[in-house]
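This briefing is meant for a reader who is meeting the structure for the first time. Please look at the sequence and the model below, and then read the points that follow, which are grouped by topic.

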Amino acid sequence: MGLQQDIMSALKEAMKAKDQTALTALRAVKSAILIAQTETGAKEDLSEDQELKILQKQVKQRRDSAAIFLEQDREDLASPELAEADIIARFLPEALSEEEIEKVVVATIDQVGAEGMKDMGKVMGMVSKALGGQADGKTISNIVKAKLA
């Protein structure tokens with residue numbers, strides 16, 4: 001529940017500072033966490049891994065939206081999305097570099113004995129679990145494809 005408390009305190013600070021961008025981003029995160037809690041049926045706390053997945057999804061949604069807005073030459077709509085993504089990303093663990101991700105992918109391929117693209121699902125699952133929020137799925141996928149090809 002540490003992450004939820006961090007978000008709540010950041011939300012209070014944003015309210016005091018009258019920072020509308022931070023308020024919008026943090027309220028969306030709070031809402032997503034509450035929805036995830038109620039989906040399980042009971043009012044039990046989410047695991048840290050589940051909370052990180054929610055945050056990653058929120059950041060990805062905003063960055064994807066910003067990319068679409070930029071393709072359409074709508075900088076006015078893209079900049080708030082990127083600002084919100086940066087605010088939410090502060091709560092995520094430090095991202096790994098591609099070299100560090102590649103080391104984990106190579107070690108996993110050796111461990112599983114993967115021989116081609118047919119084993120990509122196994123490798124992706126193990127690497128995603130091992131890196132738990134420190135790398136986005138697209139980067140992992142690209143590295144796994146390159147190594148298994």
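This is a predicted model: local features need pLDDT of at least 70, side-chain atom pairs count only at pLDDT 80 or more; totals for chains, interfaces and linings use all residues.

Lysine 18 is exposed, with a relative accessible area of 67%, and lies in the loop between α1 and α2.

- Aspartate 73 is exposed, with a relative accessible area of 70%, a value that lies over the 50% cut-off for an exposed residue.

**The chain as a whole**

- The secondary structure of the protein comes to 7 helices and 0 strands, and read along the sequence the pattern is α-α-α-α-α-α-α.
- The C-alpha atoms fill a box of roughly 55 × 45 × 25 Å when this is taken along the principal axes.
- The protein has 149 residues, of which 34% count as buried.
- Among the contacts with a separation of 6 or more, 59% are accounted for by residues 24 or more positions apart.

**How α1 packs on α2**

- The helices α1 and α2 pack at an angle of about 150°, with their axes 9 Å apart.
- Angles over 145 degrees count as roughly antiparallel, and α1 and α2 are therefore roughly antiparallel to each other, while the crossing in which α1 passes α2 is left-handed.
- On the α1 side the contact is made by Gln4, Ile7, Met8, Ala10, Leu11, Ala14 and Met15, and on the α2 side by Ala22, Leu23, Leu26, Arg27, Val29, Lys30, Ile33 and Gln37.
- By type, the residues of the contact of α1 with α2 divide into 11 nonpolar, 2 polar and 2 charged.

**How α3 packs on α4**

- The helices α3 and α4 pack at an angle of about 160°, and their axes are 8 Å apart.
- With such an angle, α3 and α4 are therefore roughly antiparallel to each other, and the crossing of α3 and α4 is left-handed.
- The residues of α3 that meet α4 include Leu55, Gln58, Val59, Arg62 and Phe69, and among the residues of α4 that they meet are Leu77, Glu81, Leu82, Ala85 and Ile88.
- The residues of the contact of α3 with α4 divide into 11 nonpolar, 2 polar and 6 charged.

**The largest nonpolar core**

- In soluble globular proteins, nonpolar side chains tend to be buried together.
- The largest nonpolar core has 23 residues, and those that touch the most other members are Ile7, Leu26, Leu55 and Phe91.
- At least two residues of this core are supplied by each of α1 (2–17), α2 (20–39), α3 (48–71) and α4 (75–89), and α2 gives the most to this core, with 8 residues.
- Which residues does phenylalanine 91 touch, not counting residues up to four places away in sequence? They are Leu3, Asp6, Ile7, Ala10, Leu26, Leu52 and Leu55.

- A second, separate core of 14 residues includes Val123, Met124, Val127 and Ala135.
- Valine 123 lies in helix α6 (residues 120–131), where it is buried, with a relative accessible area of 0%.
- Leaving aside its neighbours within four places in sequence, valine 123 is in contact with Thr108, Ile109, Ala114 and Val144.
- The C-alpha atoms of valine 123 and alanine 95 are separated by 20 Å, and these two residues are 28 residues apart along the chain.
- Serine 141 lies in helix α7 (residues 137–148), and with a relative accessible area of 14% it is buried, since buried means under 20%.
- Not counting residues up to four places away in sequence, serine 141 touches Met120 and Met124, and Met124 is also included in the second core.

Note on methods. Residues are numbered from 1 along each chain as its sequence is written. Side-chain values use heavy atoms; hydrogens and water are left out. A nonpolar core is a set of buried Ala, Val, Leu, Ile, Met, Phe, Trp, Tyr and Cys residues joined through side-chain atoms within 4.5 Å. Buried means under 20% relative accessible area, exposed over 50%, partly exposed in between (1.4 Å probe, protein chains only). Helices (H or I, at least four residues) and strands (E, at least two) are DSSP runs, numbered from the N terminus. Contact means heavy atoms within 4.5 Å. Axes are lines fitted to C-alpha atoms, for helices over the stretch in contact, and angles run from 0 to 180 degrees between N-to-C directions. Angles under 35 degrees count as roughly parallel, over 145 as roughly antiparallel, 65 to 115 as roughly perpendicular and the rest as oblique. A crossing is left-handed if the near helix is turned anticlockwise from the far one by less than a right angle, and right-handed if clockwise. Ala, Val, Leu, Ile, Met, Phe, Trp, Tyr, Cys and Pro count as nonpolar, Asp, Glu, Lys and Arg as charged, and the others, Gly among them, as polar.
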